[in-house]
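Take a moment with the sequence and the model before reading on.

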Amino acid sequence: MPVAVPLHEIRAEFTELDDPNDRMTYLVEIGQTLPLLDPHLKTEASRVLGCQSMVWLVAEERPGDPPTLDFTADSDAPMVRGLIAILLAAYSGRTPQEILAFPIEELFQTLQLKQFITPMRSNGLYSMVQRVQTLAKLAVGQQSAEKLAVGSLSLMPFKVRPREESGNGHPRRSPPALPATIVTGQPAAASPIDVEAIRRDFPILATTLDDGWPLVYLDNAASTQRPRQVIDAVVEAYEHYYSNVHRGGHHLAAESTVRYEAAREAVRALINARSTTEIIFTPGTTAGINLVARSWGDANLKAGDEIVLTLMEHHSNIVPWQQVAERTGCSIRWTPITADYQLDLDAFQKLLSPRTKLVAVTAVSNVLGTINPLDRIIPQAHAAGAVVLVDAAQASPHEPLDVRAWDADFVAFSGHKMLGPSGVGVLYGREKLLDTMPPFLGGGSMIKQVTTEGFTPADLPYKFEAGTPVIVPAIGLGKAIGYLQQIGMQSVRAHELVLTRLAHSLLADIKGLKILGPAPELKGGMVTFAIEGIHPDDISKVLDVQGVAVRAGHHCAMPLHKHLGLSASTRASFYFYNTPEEVARLAAALRDAVRILGRT
Ligand SMILES: Cc1ncc(COP(=O)(O)O)c(C=O)c1O
């Protein structure tokens, strides 16, 4: 069986192409030359696990002296089909012994594959190699089919498709000279923010990739960047007054403590809490939710009780409750989502009952962007007698937040998503509840007294801050909050709305692209989408080559993706320092991705 593209040709092409974009285009092109895999061979037994996309690989033994093996394989991801073409060129038509001796690592190095495929893709590639080697071992009888659990070698009809000419046109080898003003097709953006001035505060935003593409950072929902002011505050702390807090009598300890507590006051003011006793510094949203689950959950939940979650929660607001359910025997009920990406409030109302002890809900979905109507959800939950925890990880960075207006019992968010250092987050808790809760972690700082018989916990909030706290990150967060307040949270929201509207209008006519989420007015500053027939991983890789940083994957929201009938999606998320030109760059890069990766 002749391979689709011979190995020497692949080697020669790769040597010639030094632009990663061109390599990707070529990879997709050779993927298009693969023989078709008969649908009946796409079985669980022929699936290669460990690949993010679907991959099936089977072998055919060709009689001869000695006998050789032909492989064929297929995938739903065009780039993976390209990788398969390389593997087929390397392995097909060889004897099992030659296959096992083939220097595949050397080949990958020559082609510099790892430089432009993602680590996940790389793992998948090695899973395919392992499958090929396993089948070779099976053929020489080194191992039994049962032991290898791969099914027996099967003869199959190969259908060879003639090699297609690339319909993709000539790939671009270097970044295009961007016009001074990118035509966005939109009227002048009505943003209250002077973005160009603000961007000068963010050193990292001036980054240009080695091959000349300017960085377009659109992964803000995962983590934002930091302005010089926050970076300087962190450096200043370490250079001038760093010490442990609350413990020493010396002047550095006093200074550190004052600054740390000033940060707590900055958080209190930002979210309009009644008192700093209600502000607990944590390592992040996940840690805050776990604190509530361990402390409040273990003390208050039992078999027969119910926790109401929603299908659009981040895993951080799912798994801790599943763990509580395992420990206490309580159960979880799920609020569904409507076809227009909103919580189904009628269904939510029906889920509430005297059994409902807790409602845990995200303020803003990290995938859909949906802004949930807490002004309806929280009163309804309270009326049923439930405590409410709000996951505000995607809300606190982007909109004014008022825990008293929400009337929430617990609110958790992360510093790194709002210009602060990573490693610090906040748990707000209603004092009345925090007072009744046992400490979660035990150790230094969280006690008033320790004797051989036991301990007396410290007052709030220190009862929940065991050990040396996140001192400098908290101080950095305080500075970040000051920066945000200078801009104004209303202005942040207004600017992001301008960008989101623009993104919706520019992405709307990209072939096969479906936006996952409601209209811009109903959501936070992000646009998440799926493009028919193209894997999000591949999209993000093409975008990355052009300097556009987005996130591809399940975004820690697997139940939501399952509900959407997807395993992954691509998310571009904005912040107040992004520009309309960057949104246009996103749209242009996406058009390139469709051109490069589309099968047609
Ligand atoms: C809605 C939501 N909740 C929770 C988290 C977890 O935040 P962290 O990783 O900072 O704990 C995230 C992070 O992406 C999020 O978007």
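**A walk through the model**

L419 is found in the loop between β9 and β10 (425–429). Helices (H or I, at least four residues) and strands (E, at least two) are DSSP runs, numbered from the N terminus. This is a predicted model, where local features need pLDDT of at least 70, side-chain atom pairs count only at pLDDT 80 or more, and totals for chains, interfaces and linings use all residues. Residues are numbered from 1 along each chain as its sequence is written, and side-chain values use heavy atoms, with hydrogens and water left out.

Stay with L419. Its phi is positive, about 80 degrees, although it is not a glycine. Most residues other than glycine have a negative phi, and most peptide bonds are trans. Is L419 buried or exposed? At 0% relative accessibility, L419 counts as buried. Buried means under 20% relative accessible area, exposed over 50%, and partly exposed in between (1.4 Å probe, protein chains only).

Now look at D407. This residue lies in the loop between α15 (403–406) and β9 (410–414). D407 is not a glycine, yet has a positive phi of about 65 degrees. Its relative accessible area is 31%, so D407 is partly exposed.

Two peptide bonds also deserve a look. The bond from D65 to P66 is cis, with omega near 0 degrees. P66 sits in the loop between β1 (55–62) and β2 (68–75). The bond from L460 to P461 is cis, again with omega near 0 degrees. P461 is in the loop between β12 (455–457) and α17 (471–487).

Next, go inside. A nonpolar core is a set of buried Ala, Val, Leu, Ile, Met, Phe, Trp, Tyr and Cys residues joined through side-chain atoms within 4.5 Å. The largest one has 79 residues, and F71, M128, L507 and L590 touch the most other members. Helix α3 (residues 78–91) gives the largest share of this core, 11 residues. Apart from it lies another core, of 75 residues, among them V195, A408, M489 and Y575.

How enclosed is α3? 14 of the 14 residues of α3 are buried, so the helix is largely enclosed by the rest of the structure. The expected span of a helix is 1.5 Å times one less than its number of residues. For the 14 residues of α3 that gives 20 Å, and the end C-alpha atoms are 20 Å apart, which agrees. Just after α3, G93 takes a positive phi of about 80 degrees.

Return to M128. Not counting residues up to four places away in sequence, M128 touches V48, C51, V55, L57, V80, L83, I84 and L87. Here contact means heavy atoms within 4.5 Å.

Finally, find the ligand. Which residues are around the ligand? They are T285, T286, H314, S316, T362, N366, D391, A393, Q394, S414, H416 and K417. A side-chain N or O atom of T286 is 2.5 Å from an oxygen atom of the ligand. For H314, the corresponding distance is 3.4 Å. A polar side-chain atom of K417 lies 2.5 Å from a ligand oxygen atom.

Methods
Near = heavy atom within 4 Å. Polar contact = N/O pair within 3.5 Å; in protein donor to acceptor, adjacent residues only side chain to side chain.
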